[in-house]
Amino acid sequence: MRSMSPAEILALVLRAALMLAAMACVAGPWLFSLNDLSLLTEFFTLLTLALMWNLLAGYADIISVGQHAFVGIGAYAFYGLTVLAKVDPWMAIAGAMAITFLLAIPAMAVIFRLRMAYLAVGTWVVAEVFLLVAGKLPGFGGGSGVSLPIPIVKAFGGSLSGRTQTIYFMSLVLAVAAFLATWALLRSRIGLGLTAMRDNEEAAGSAGVNLRRVRILSFLWTAPFLGLAGVLVTLQKLRIAPAASFSIMDWTIFIIFIVVIGGIGSLEGPIIGTIVFFLLRENLSGYGAWYPIILGAVSIAVILTEPRGLWGLWRRFNTLEVIPVSHRIGAPVDDKTIEP
Amino acid sequence: MLVTILNLVVQGVLTGGLYALFAIGLSISFGVMRFINIAHGDLIVLASFLLMTFANAFGLNPFVAAVMMLPAAFIFGYGLQRVLLQRIVGKNVLPVILVTFGLAIIIQNGLLEIYGPDTRKLSGGAIEVASINLGGLIDIGVYPLAIFLTAVATLAFLDFFFHRSAIGARIRAVTDDPQAAALIGLSPARIYSFAMGIVMVTIVIAACCMSVWSNFDPAIGPSRLLTAFEAVAMGGLGSLWGTLAGGIMLGVAQNFGAQFDAAWQTLAQHLLFLVVLALRPQGLFSKG
């Protein structure tokens, strides 16, 4: 048996820490207060959004400034199904995911007609259209929105603590599912193509990666996750409103900062970014408009100095991945071989 | 009925002049530097607030103040490109979008912190209410007409500048092939900075026209960006006059939508853009 290098040991320790953190989260309701559970729910929701944005921007080369559209669609679809169509609340969650997916198809068809640099602003226009339409829909409270009726809220738990725990577990499952699904996608044949695209798009194309198909698949892949995040946001805030459900600040701008600061094009990056984001938010929220200004300045500095974010900084000193996505060539190398 | 429709079209066309002014700078930055500046709309709003402060401080008419601001705007644009944007130009799209995006958020929230969320408007004097009556059918506001003519004059000047002047030829050379241009002794960094200086000049012109015409507040930058973007994309990449055509179409669509309500005003604009895009992704007057 070969001995391990310090870097490998460190990676193992970090993996163990990640596992422990995951286990602590599963035992969450017995460990944390209700306030902490709400905060963690928000954490997992934002983490999911960050994972999805990163999958598109970091791998599939789709820079979306319209991610909030699908969060809002999920929220509105959930309201429409439960309140207006009287569907069972749990079934409505699946329905909201399906509707988000279905609406992503025409959105994709329009957006993908745009050339690269224009695509970003194109997604924003599409999101703007969805927001304005949501404010016009009959039965959804118009521009000022509407609260969820109490019976629907109670379907997720009769008491406040029961409900908080249910929603907490849903957000945990969502984040874990988003994480595992993205990980599995990146490890798959499609993921190999995505990783190749991340590193060099032209080379990937000439090596036989069907760029267009991979892009379309990735874009549609994220939609149901974003829709489900929208449902969870609605269950936490207990109301829908165009400006809040389709909030570009909360569901797109902050998410972009999270991924950029944490490290774009890696699975570790969004996790680090979300942790940093929450630490900054809890400490800087009293500073009003200075808080987004600081986030904006930090992310500009990150792009100019280390485009792969905090995780990229780490990888400069240690090339091991904590979450293995890369494929290794050939047999495991003997530790006596000289590392480059 | 016919008069109403004619009226809507004419007012829409004049509004299109303002939208063309929003779009010219974006068209240049895409045509020359090949990047899309997400902060474009917020720079227009920033210029409006600075114009307000400058005009108030010296008791100047906003039009005079704007003309006096033009040299400073050019220097600011030159510096912005030289110090910040030049570091990311020519790489792939992602860094450009992320940096200008960060810039947009900084400008928006900086304005909010300094000026507060209130809406403002500058007073242009008697010209604002003057109008010309055409054949007893339509009243045309003198001020919207003046803005439209300003847009046409700006476009004509830039057209002349890019295609007839020596520096215009240099800019086009760098645009076509930065490496080859560098070989014959042109500095892409300097040329790009010069072009960004021109972009900032058009931004101040647009800001002046906008801030006398309508209310503004720190949050309206993104919608100005979207309007400018749609005008550029509909007109066609690299087509200066296309921005005017795009702006006019958006203005007319907005005017018809506004017959229902404010949400429809914006919705009609975006829907027209998406329809045009679906039919002609390269824009209506694309050269490429």
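Here are a few exercises on a predicted two-chain model, each with a worked solution.

Before you start: this is a predicted model, so local features need pLDDT of at least 70 and side-chain atom pairs count only at pLDDT 80 or more, while totals for chains, interfaces and linings use all residues. Residues are numbered from 1 along each chain as its sequence is written, chains are lettered from A and ligands numbered from 1 in the order in which they are written, and side-chain values use heavy atoms, with hydrogens and water left out.

**Exercise 1. Sketch chain A as a whole: which elements does it have, and how compact is it?**

Step 1: count the elements. Chain A has 16 helices and two strands, where helices (H or I, at least four residues) and strands (E, at least two) are DSSP runs numbered from the N terminus.

Step 2: check the radius of gyration, taken over C-alpha atoms, against the globule rule, 2.2 Å times the number of residues to the power 0.38. Chain A comes out at 21 Å, close to the 20 Å that the rule gives for 340 residues, so chain A is as compact as a globular protein of that length. Its C-alpha atoms fill a box of roughly 70 × 50 × 40 Å along the principal axes.

Step 3: look inside. Buried residues (under 20% relative accessible area with a 1.4 Å probe, protein chains only; exposed is over 50%, partly exposed in between) make up 51% of chain A. Of the contacts (heavy atoms within 4.5 Å) with a separation of 6 or more, 78% are between residues 24 or more positions apart.

**Exercise 2. Take Thr182(A): is it buried or exposed?**

Step 1: find it. Thr182(A) sits in helix α8 (residues 160-187) of chain A.

Step 2: read the accessibility. At a relative accessible area of 2%, Thr182(A) is buried.

Step 3: list the neighbours. Leaving aside residues up to four places away in sequence, Thr182(A) touches Met52(A), Leu55(A), Trp221(A) and Leu267(A).

**Exercise 3. Describe the interface of chain A and chain B: how many residues are in contact, and how much area is buried?**

Step 1: contacts. On the chain A side 36 residues meet 41 residues of chain B.

Step 2: area. The size of an interface is often given as the accessible area lost when the parts come together. Here the buried area (accessible area, 1.4 Å probe, that two parts lose on being put together, summed over both) is about 3,600 Å², with 85% from carbon and sulfur atoms. Arg113(A), Tyr118(A) and Trp124(A) supply 19% of the area that chain A buries against chain B, more than any other three residues.

Step 3: pairs across the interface. The rule finds one salt bridge (a side-chain nitrogen of Lys or Arg within 4 Å of a carboxyl oxygen of Asp or Glu). That salt bridge pairs Lys136(A) with Asp261(B), at 2.3 Å from N to O.

Step 4: Lys136(A) lies in helix α6 of chain A and Asp261(B) in the loop between α10 (240-257) and α11 (262-279) of chain B, so the pair joins two chains. Both ends are partly exposed: Lys136(A) at 35% and Asp261(B) at 27%.

**Exercise 4. Trace the salt-bridge network around Arg281(A): which residues are linked?**

Step 1: start with Glu42(A), whose side chain meets Arg281(A) at 2.7 Å, N to O. Arg281(A) lies in helix α14 (residues 268-284) and Glu42(A) in helix α3 of chain A, so the pair ties together parts that are 239 residues apart in sequence.

Step 2: Glu42(A), Arg281(A) and Glu282(A) are linked in a network. Arg281(A) counts as buried at 17%, whereas Glu42(A) at 28% and Glu282(A) at 45% are partly exposed.
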